[in-house]
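Please read the following briefing alongside the sequence and the coordinates. It takes up selected local features before turning to the wider arrangement of the chains.

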Amino acid sequence: MAVIFPRAANLLIPALLVVAPPGGIAAVAGAWYYFSPEFTDVGYAPDQPVPYSHKLHAGELGIDCRYCHNTVEQGHRAAVPPTSTCMNCHKVVKTDSPVLEPIRNAAENPDDPVEWTRVHLLPDYAYFDHSVHMAASVGCVSCHGRVDQMVTVHQEEPLSMGWCLKCHKNPEPNLRPAGAITEMAWTQADHPEFDATARAGEVTPPQHCSGCHR
Amino acid sequence: MTTKVYTEADQLRGDVHVRAPLVLGGLDFNGVTEKIAAVIEKPDKRWFAALAFSLALLSIYGVCIVIVVWEGIGVWGNRAPVYWGWPIVNFVFWIGIGHAGTLISAILFLFRQKWRTGINRSAEAMTLFAVVCALSFPTIHVGRIWLLYWFAPLPNQMDVWPNFRSPLLWDFFAVSVYGSVSALFWFTGCVPDFATMRDRADTQLKRIAYGAVALGWRGSNRHWHNYEVAYLILAGISTPLVLSVHSIVSFDFATSQLPGWHTTIFPPYFVAGAIFSGFGMVMTLLIPSRKIFDLEEIITIRHMENMCKIILLTGTMVGYAYGMEFFIAWYGQNPYESFAFVNRAFGPYAWAYWIMISCNVFIPQVFWIKKFRTTPWIMFIISIFVNIGMWFERFVIIVTSLTADFLPSSWGYFSPTIIDVGCFVGSFGLFGTLYCLFVRFVPQVSITEVKVVMEQADPHWEGYHLAEEGH
């Protein structure tokens, strides 16, 4: 009978058996690493219409986070401030700075606001409430990083579900006294007088599906 | 030495001292090969008609799937309180169908039931296609099918892991194992036949295609030895699956606390029903098939009669389970359980319940009469009733328990939508298309195994040493 396949065809199946298992593992590992928000989202730092520096305002000038993001203790969102908040100071400070032109323009023309680009965005199907996390005394820095050192704000943490759950399962390392929530440099190591274990006993973060997917 | 010509009369004589022959019409080894290969080499016009019809139904399924995925599963009739409607009914129906193939190929093999060789190939193929149809329903039922991989235990950024305490997950594993083992078993059995088809091929394309799936089979002694060992091992692996898969499917219901579902009889009762429905479907396929493809001398009336006996047995077992459910509902003195069963038989779904009882328990009883077990058109009609009855069994179990549970304020009545009907009817198109393609390209009877049960293969056969005809 005529030969249909060359002798080398015999190697196909052993070759497949050798390639398939590592190939499958590589595909899973690749998807796990490259498709996760830790790879895709961390470091996102969009350009803003005004080069507002958190390093200058929150860091060097020491303005409290809540001066601008004033709804954070009551609302689910930490509001981006209205132009009038900026103008509280900039009416008298740097009144002729060219980079502040969009701010002054927005103050005079309320129909033409400054269009900031959102940095931290959770999916619509995840319910998140800032006030709850404030009440549980989780520091801003836990999720947002050292914003007081950022000239341009970037996403520091993955904000993935697994990352949320890590703290919901064990909130203790991220808790602090209620008065120190916005203190970016505060750490538990520097403040041994704070009893994180006792505080953790008072907060009950949900771990069931409908805690966040309502 | 000429081959003795056996006829149906030899098979039906009923002489207990003589084993009835399994290949009729005086076929020798070569005759068997020619007969089975002819189905593939000379396609019948009616095959094209069957394929066209199946494809038409399949396109209905395709359209319905697009609608379900695009619009969401709200297009089905699944509403409070019945969130498991027809799609789950269809899933259980199809997965049950598959069991006959595994029983024939594995358990009958281990018990050395020689008559399995005429029907095992097509029954196993039917198993595979039924598993495909069955899996299509949970796949679209998840709604967001692009997230289907969440079923698998893969590392992910959500830290979500399958819930290993959920019977739905056991189902996922049971059915995937079942599908892959069945496919492997079926393929292993096909290898020598693919080699036969390769050697008979008249075009280079066929030689390459059959050659590739024949895996270099040359029929050497060592090949046969390895083949027999592999086949036996796979039969051993498949055997527990006959019992385990539908047991686990029944856990979807039995591990819940719903009256009418929460019963320990479910696993054996489901397995018996699955084998019952599977043999019904094998008969529905083989009775026309053996006629159209001229295989009545290989898939003989005796094969059919044996399957009728299994249908009679398993149908009666299912009937016993129905009775036992009622007995326990009364004996257990749980008012919710009693209500669930009285409601099944005499409540708003009494019509479905009595269709189920008639088709599954009463109608198969005619197989006590030999005349009915040996007349193909009667068997065909009864096999259709079996299929109908077993679909209704799942409908009754799922819908009656869900529509009337503990809380009367949430009781309801389930009505399917046109999409439900389209998906169910369309799934027969998927099944039919796959089966049509199978009979067109794969020897639908195992050429190899049929020869083994012929008297010519027996060293004690009077003409054994004189046999000249090759195969």
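B:Asp159 is partly exposed, because 14 other C-beta atoms lie within 10 Å of its own; by the definition used here a residue is buried with 20 or more other C-beta atoms within 10 Å, exposed with 12 or fewer, and partly exposed in between, the C-beta atoms being placed from the backbone. This is a predicted model, in which local features need pLDDT of at least 70 and side-chain atom pairs count only at pLDDT 80 or more, whereas totals for chains, interfaces and linings use all residues. Residues are numbered from 1 along each chain as its sequence is written, and chains are lettered from A and ligands numbered from 1 in the order in which they are written.

**Backbone features in loops of chain B**

- B:Asp159 is found in the loop between α5 and α6 of chain B, where its phi is near 60°, a positive value in a residue other than glycine; helices here are DSSP runs (H or I, at least four residues), as strands are (E, at least two), and they are numbered from the N terminus.
- B:Arg112, in the loop between α4 and α5 (120-141) of chain B, likewise is a residue other than glycine with a positive phi, near 55°.
- B:Arg112 counts as exposed, because it has 8 C-beta neighbours inside 10 Å.
- A cis peptide bond, with omega of about 0°, joins B:Ala80 and B:Pro81, and B:Pro81 lies in the loop between α3 (45-71) and α4 (86-110) of chain B.

**Helices of chain B**

- Helix α6 of chain B (residues 167-200) has 34 residues and should span 50 Å at 1.5 Å a residue, which agrees with the 48 Å between its end C-alpha atoms; the expected span is 1.5 Å times one less than the number of residues.
- B:Tyr320 is found in helix α10 (residues 301-331) of chain B and counts as partly exposed, because it has 15 C-beta neighbours inside 10 Å.
- The C-alpha atoms of B:Tyr320 and B:Val361 are separated by 8.8 Å, although the two residues are 41 residues apart along the chain.

**Nonpolar cores**

- The largest nonpolar core has 119 residues, and those that touch the most other members include B:Ile95, B:Met126 and B:Ala130; such a core is a set of buried Ala, Val, Leu, Ile, Met, Phe, Trp, Tyr and Cys residues joined through C-beta atoms within 7 Å.
- Apart from it lies another core, of five residues, among them A:Ala58, A:Cys65, A:Cys140 and A:Ile181.

**Chain A and its side towards chain B**

- The domain assignment of chain A gives domain 1 (8-40) and domain 2 (54-80 + 116-212), and their centres, taken over C-alpha atoms, are separated by 39 Å; the bounds come from an automatic or database domain assignment.
- In chain A, 14 residues are in contact with eleven residues of chain B, where contact requires C-beta atoms, placed from the backbone, to lie within 7 Å.
- On the side of chain A that touches chain B, α9(A) gives the most, with three residues.

Note on methods:
Two residues are in contact if their C-beta atoms, placed from the backbone, lie within 7 Å.
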